[in-house]
Amino acid sequence: MSTIPRDQWYVAAYTAEIGRELFSRTICGDPILFWRTEAGEVTAHADRCVHRRFPLSQAPSRLVGDTVVCGYHGFTYDAGGRCVAVPGQTRVPRTARLAQYPVVEQDSLVWVWIGDPELADPGRIPRASYLDAPGWTTVRGMEPLAARYSLLVDNLLDLSHETYLHGGYIGTPEVAQTPISTEVDDDAGIVYVSRHMADAECPPFYERSTGLSGRISRWQDIEYTPPCLYKLHSRIAPVGSVPNPDGSDPDAFHVEVVYAITPETEHSTHDFWLVARDFALDDEGVSAFLAEQNRTVVLQDVEALDVLEQVIATEPAGYQELSVNIDTGGLAARRMLTRMAGGAVPAVPAR
Ligand code: FES
Ligand SMILES: [Fe+2]
């Protein structure tokens, strides 16, 4: 059985990736063709010609106005996926239509609905408005991961690995030493994991970007909305500083680290990453530094998770892993994902 939940919204691309070129990306096993109409609307259809399956993203297929012409025998489709011309006859078969995917552009992300289009509710797409709002500057990238998406979920829900896998970048001893608190909101479908370090070493990632150094107060508040959107609200401040009762927080630096975890196939994942900040907004040096650092950190995870995928692929069935306190958030996320994928939810393991 597939472990990938369907009838869900997934991030398929950044809005800037889709323009007047045919663009294809496989999401949850479905090859999807994206392009933007002359009016600027994003379209999403199956990337397979209904005639003989030629991928419509593949040259010499091409975009002509608001139609796509298949590069094999010329079947032509409009922006709604309807075939409007076939070679050698004037009658177009009624069933000649590309499967269409509901698509929404929001917060600089292109979301696509995988599953029954009748069930798609754009109101259920989780928000990250700071990715596209005044007062914030965002850097971003996407790395391909040759590992199942659940390994990336595990990785992001347990940041104690920063101390070991990302030492010298974002990891300091306090991350692994500080206990977490976990909350699960089953109704809203959100897992929260918090780690507040009152007096911690400032890692290079924040030292070079904020200008703070020495000891800092460092808060990590994770908000994961399975299956796709992971948000890490990171607060960096001088030791002893806390937000004001009215919520204002002038002494702190806020960094919103966002991941969109999108399965490509059962065993590969699109690892979208974004880092938004509310300081040094026009400082291109800070942008370049954060982009380069975060990409390096993501690649450290990618390398580790690619290895884990191979370990899992070659181990005998029934291997039992051992979970401890740091895994509470990851286990809660797994239970939600299993439920979403229609599987039997395992009992909460003893710790
Ligand atoms: S495969 Fe597309 S027209 Fe024949
Ligand atoms: Fe990591």
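The crossing of helices α1 and α6 is right-handed, a label used when the near helix is turned clockwise from the far one by less than a right angle, with anticlockwise giving left-handed. Helices here are DSSP runs of H or I with at least four residues, strands are runs of E with at least two, and both are numbered from the N terminus. This is a predicted model, in which local features need pLDDT of at least 70, side-chain atom pairs count only at pLDDT 80 or more, and totals for chains, interfaces and linings use all residues. Residues are numbered from 1 along each chain as its sequence is written, while chains are lettered from A and ligands numbered from 1 in the order in which they are written.

**The α1–α6 crossing**

- Helix α1 covers residues 149–157 and helix α6 residues 328–340; their axes come within 8 Å and cross at roughly 145 degrees. Axes are lines fitted to C-alpha atoms, for helices over the stretch in contact, and angles run from 0 to 180 degrees between N-to-C directions.
- On the α1 side, Ser-150, Val-153, Asp-154 and Leu-157 meet Gly-329, Gly-330, Ala-333, Arg-334 and Leu-337 of α6. Contact means that C-beta atoms, placed from the backbone, lie within 7 Å.
- The residues of this contact divide into 4 nonpolar, 3 polar and 2 charged. Ala, Val, Leu, Ile, Met, Phe, Trp, Tyr, Cys and Pro count as nonpolar, Asp, Glu, Lys and Arg as charged, and the others, Gly among them, as polar.
- Helix α1 is mostly covered, with 9 of its 9 residues buried. Buried means 20 or more other C-beta atoms within 10 Å of the residue's own (exposed is 12 or fewer, partly exposed in between), with C-beta atoms placed from the backbone.

**How the domains meet**

- The protein chain is divided into domain 1 (8–123) and domain 2 (135–315 + 323–340), with bounds that come from an automatic or database domain assignment.
- The C-alpha centres of domain 1 and domain 2 lie 33 Å apart, and their contact takes 11 residues from domain 1 and 10 residues from domain 2.
- Strand β1 gives the most to the side of domain 1 that touches domain 2, with 6 residues.
- That side of domain 1 divides into 8 nonpolar, 3 polar and no charged residues.

- An open sheet of 3 strands runs in the order β1-β10-β9, with antiparallel pairing; two strands pair if DSSP finds at least two bridges between them.
- β1 (8–14) and β9 (103–106) stand at the edges with a single partner strand each, so one side of each has no neighbour in the sheet.
- Neighbouring strands of this sheet are turned by 30 degrees against each other on average, direction ignored.
- Strands β1 and β10 (residues 109–114) run antiparallel and are joined by 6 bridges.
- Tyr-10 is found in strand β1 and stands opposite Val-112 in β10.
- Tyr-10 counts as buried because it has 28 C-beta neighbours inside 10 Å.
- Leaving out residues up to four places away in sequence, Tyr-10 touches Ile-27, Cys-28, Trp-111, Val-112, Ile-114, Cys-228 and Thr-262.

**The four-stranded sheet**

- A second open sheet has 4 strands in the order β5-β6-β7-β8, with antiparallel pairing.
- Its edge strands, β5 (62–64) and β8 (83–85), each pair on one side only.
- Strand β5 is joined to β6 (residues 67–69) by 3 bridges, and Arg-62 stands opposite Val-69 in β6.

Conventions: Two residues are in contact if their C-beta atoms, placed from the backbone, lie within 7 Å.
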